[in-house]
Amino acid sequence: MNRTRGAVSADIGELIEAIEWVSAGADLGNAAYVRRDDGRVFWIGDGIEQVDDVPDDSEDGARYLALPDKRDLGLGKPLALRFAEEHLPSGLAEVRDIFGRRGAYQRFKNLLERQNRLEDWYRFEASAIKDAAAAWAQAHGLEVHGPEQGAADA
């Protein structure tokens with residue numbers, strides 16, 4: 001069993017990947033669940049080759065936690081606006097305008113590329129995802145381990 005000091009432990013890198021999976025295909029039925037008793041992650045959706053079969057009771061909230069998508073963690077528009085406030089204060093109005101219309105994320109990335117800030121955004125976003133995944137896990141009684149844990153602990 002995957003336990004540390006009495007708490008169930010989950011791999012932070014796997015949680016991050018699963019959150020990305022859920023976020024990328026929420027409209028397509030992508031989902032991921034963490035088993036509460038051992039921290040194991042199960043992925044559901046087209047294109048996933050399961051090493052082991054997904055348990056029939058994976059949607060049982062008493063045994064499994066459904067991983068959220070990025071929007072549920074405040075990692076969509078709010079994160080982009082926070083990045084703009086901190087790194088592009090002169091472009092904040094433009095970023096707000098971008099996120100008021102469809103196709104915002106691609107236009108946001110185009111703006112960042114023109115400003116030579118795209119790599120800064122990717123680092124900012126990755127750190128925020130690590131922190132949010134670790135906070136989500138902790139709020140649900142899971143401890144995290146793995147090489148990605150450092151950013152969440154910083």
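Analyst: What follows describes the sheet strand by strand, and then a separate pair of strands. This is a predicted model, in which local features need pLDDT of at least 70 and side-chain atom pairs count only at pLDDT 80 or more, while totals for chains, interfaces and linings use all residues. Residues are numbered from 1 along each chain as its sequence is written, and side-chain values use heavy atoms, with hydrogens and water left out.

The sheet is open and has 3 strands in the order 4-3-5, with antiparallel pairing; strands here are DSSP runs of E with at least two residues, helices are runs of H or I with at least four, and both are numbered from the N terminus, while two strands pair if DSSP finds at least two bridges between them. Strand 4 (41–44) and strand 5 (64–66) are the edge strands, each pairing on one side only. From one strand to the next the twist averages 25°, where axes are lines fitted to C-alpha atoms, for helices over the stretch in contact, and angles run from 0 to 180 degrees between N-to-C directions.

Strand 3 (residues 31–35) is joined to strand 4 by 4 bridges, and to strand 5 by 3 bridges, again in the antiparallel sense. Along the boundary with strand 4, Ala31 has Ile44 as its bridge partner and Tyr33 stands opposite Phe42, whereas in strand 5 the residue opposite Tyr33 is Ala66. The hairpin of strand 3 and strand 4 has 5 residues between the strands, and Gly39 takes a positive phi near 75° there.

In a regular strand the side chains alternate between the two faces of the sheet. In strand 3, Ala31, Tyr33 and Arg35 point one way and Ala32 and Val34 the other way, and all of these are buried, a term that means under 20% relative accessible area, with exposed being over 50% and partly exposed in between (1.4 Å probe, protein chains only).

Helix 1 (residues 12–24) packs on the sheet, where it touches strand 3 and strand 4, and its direction makes about 20° with that of strand 4; contact means heavy atoms within 4.5 Å.

Strand 2 pairs with strand 6 (residues 142–145) in the parallel sense over 4 bridges, and Val8 stands opposite Leu142 of strand 6.
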